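Subject: Structure handover

Dear colleague,

Here is the structure I said I would pass on. My notes on it follow below.

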Amino acid sequence: GINAEYGGVEGMVPVLENLLGRLLSKEILHEPLQELLNLYPEWLEENKDHPKYVVYEKQCRIVQDICDIFNGTNHQNEGGKVYTLLNEMQETGPPPEDIVNKMSQEMPEAMRGGPSFPGP
């Protein structure tokens, strides 16, 4: 059967980890996250009385943390931390609509508040 041919579920784990690692890689995420990070300070400055200000401030810190990881020399080994931070970001909901509208269309769907990342 299929399980015998492909080594069952256990045989899929390295394949999925490899795929997830590529999806969370600096090459794919760094540019849109840096773009997002560049838009937050101005938005936060202009919207201090927004009801979700605290949430958006947290999003800005999370994006900063991910960019800090990608700017470091050890980013290849930080996939788990990036995954955790992206899940935290996703739990806070989408970024402010003004920011999303200014972003290029290359922003990953999960960063727009779309479908969540699959579990590990």
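With which residue does Lys 81 form a salt bridge, and how far apart are the closest N and O atoms? The partner is Glu 78, and the distance is 3.4 Å. Please keep in mind that this is a predicted model.

The structure holds 2 salt bridges. Glu 45 and Lys 48 form one of them, with 3.8 Å between the closest N and O atoms. Here both residues, Glu 45 and Lys 48, are exposed.

Next, the helix packing. H4 covers residues 53–71 and H5 covers residues 79–91; their axes lie 10 Å apart, and the packing angle is about 165 degrees. Angles over 145 degrees count as roughly antiparallel, and H4 and H5 are therefore roughly antiparallel to each other. Their crossing is left-handed.

On the H4 side, the contact is made by Lys 58, Gln 59, Ile 62, Val 63, Asp 65, Ile 66, Ile 69 and Phe 70. These meet Lys 81, Val 82, Leu 85, Leu 86, Glu 88 and Met 89 of H5. By class, the contact comprises 9 nonpolar, 1 polar and 4 charged residues.

Regards

Definitions and conventions: Residues are numbered from 1 along each chain as its sequence is written. This is a predicted model: local features need pLDDT of at least 70, side-chain atom pairs count only at pLDDT 80 or more; totals for chains, interfaces and linings use all residues. Side-chain values use heavy atoms; hydrogens and water are left out. A salt bridge is a side-chain nitrogen of Lys or Arg within 4 Å of a carboxyl oxygen of Asp or Glu. Buried means under 20% relative accessible area, exposed over 50%, partly exposed in between (1.4 Å probe, protein chains only). Axes are lines fitted to C-alpha atoms, for helices over the stretch in contact, and angles run from 0 to 180 degrees between N-to-C directions. Helices (H or I, at least four residues) and strands (E, at least two) are DSSP runs, numbered from the N terminus. Angles under 35 degrees count as roughly parallel, over 145 as roughly antiparallel, 65 to 115 as roughly perpendicular and the rest as oblique. A crossing is left-handed if the near helix is turned anticlockwise from the far one by less than a right angle, and right-handed if clockwise. Contact means heavy atoms within 4.5 Å. Ala, Val, Leu, Ile, Met, Phe, Trp, Tyr, Cys and Pro count as nonpolar, Asp, Glu, Lys and Arg as charged, and the others, Gly among them, as polar.
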